[in-house]
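Hi,

Here is the structure I promised to pass on. Have a look at it first, and then read my notes below.

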Amino acid sequence: MNVSSLSEVSTALREDNRTLYKLVTKLQEDSELLNKSSVRNLADVNTLQGEVLDERNGRQELQILVTELVNNVSTLTAASLEPSVPTAAHVVGGIGDWVENVPPGTLTQWTTNSPSFLVGGVTYSNGVLTVPTDGIYFIYLSVWIDNNFIINIRVRDSDVWKMRVVDPEAETTAGGVMRSLSAGDTVEVTISGSTVRILFSDNRTFFGLFKVA
């Protein structure tokens with residue numbers, strides 16, 4: 001082989017080396033790009049997994065809230081369907097006839113037998129009603145009497161309603177009053193003046209109360 005041929009071979013080898021170097025460099029660059037892409041893809045996958053997890057947690061929280069809401073609605077519905085018990089009392093004259101010479105003071109000739117009633121915790125003792133809870137109450141009475149007298153509704157030993165009767169003939173005296181009462185307050189009917197004659201029958205003489213608010 002002459003010198004010219006050796007020079008050509010050397011030149012060709014150098015070109016092949018340059019080409020090989022370029023190929024290796026290109027492979028390295030492609031590998032780096034692939035690694036970066038893989039990292040980005042992995043980050044995207046992690047982000048997507050996090051979003052899916054957040055969505056699942058959100059759905060679970062929503063399901064819990066909906067369950068609680070359904071339970072609350074069920075409880076409220078059941079409570080609304082339960083019959084409410086009023087706070088009220090109605091006591092009537094228990095003798096069924098005229099009573100002569102009823103002295104001044106608290107009327108005690110009442111009965112708690114039917115048609116009287118005590119509901120919602122109201123109690124009765126010796127002419128006095130006691131309320132169980134705070135609230136606004138309507139207090140009423142009706143008395144059949146044939147003497148001059150003054151009749152009172154008393155709350156906590158103080159008159160809250162009063163009427164004077166001057167007609168000597170028998171008649172029904174009726175009235176009512178709205179008052180704010182506290183738990184434990186007492187309500188009674190009293191008469192003032194001289195002794196009187198009262199018809200203690202269930203449809204003529206009675207008194208009571210009921211809570212309105």
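A salt bridge here is a side-chain nitrogen of Lys or Arg within 4 Å of a carboxyl oxygen of Asp or Glu. Keep in mind that this is a predicted model. Searching the whole structure turns up 4 salt bridges.

One of them joins arginine 197 to glutamate 100, with the closest N and O atoms 2.5 Å apart. Arginine 197 sits in strand β13 and glutamate 100 in strand β2, so this pair ties together parts that are 97 residues apart in sequence. Arginine 197 is partly exposed at 25% relative accessibility, and glutamate 100 is partly exposed at 46%.

Next, aspartate 185 meets arginine 156 in a salt bridge (2.4 Å, N to O). Aspartate 185 is in the loop between β11 and β12, while arginine 156 is in the loop between β9 and β10, so parts 29 residues apart in sequence get tied together.

Now find strand β1, residues 88-93. All 6 of its 6 residues are buried, so the strand is largely enclosed by the rest of the structure. β1 pairs in the antiparallel sense with β14 over 5 bridges, and alanine 88 stands opposite phenylalanine 210 there. It also pairs in the antiparallel sense with β5 over 3 bridges and with β4 over 2 bridges.

Cheers

Methods. Residues are numbered from 1 along each chain as its sequence is written. This is a predicted model: local features need pLDDT of at least 70, side-chain atom pairs count only at pLDDT 80 or more; totals for chains, interfaces and linings use all residues. Side-chain values use heavy atoms; hydrogens and water are left out. Buried means under 20% relative accessible area, exposed over 50%, partly exposed in between (1.4 Å probe, protein chains only). Helices (H or I, at least four residues) and strands (E, at least two) are DSSP runs, numbered from the N terminus. Two strands pair if DSSP finds at least two bridges between them.
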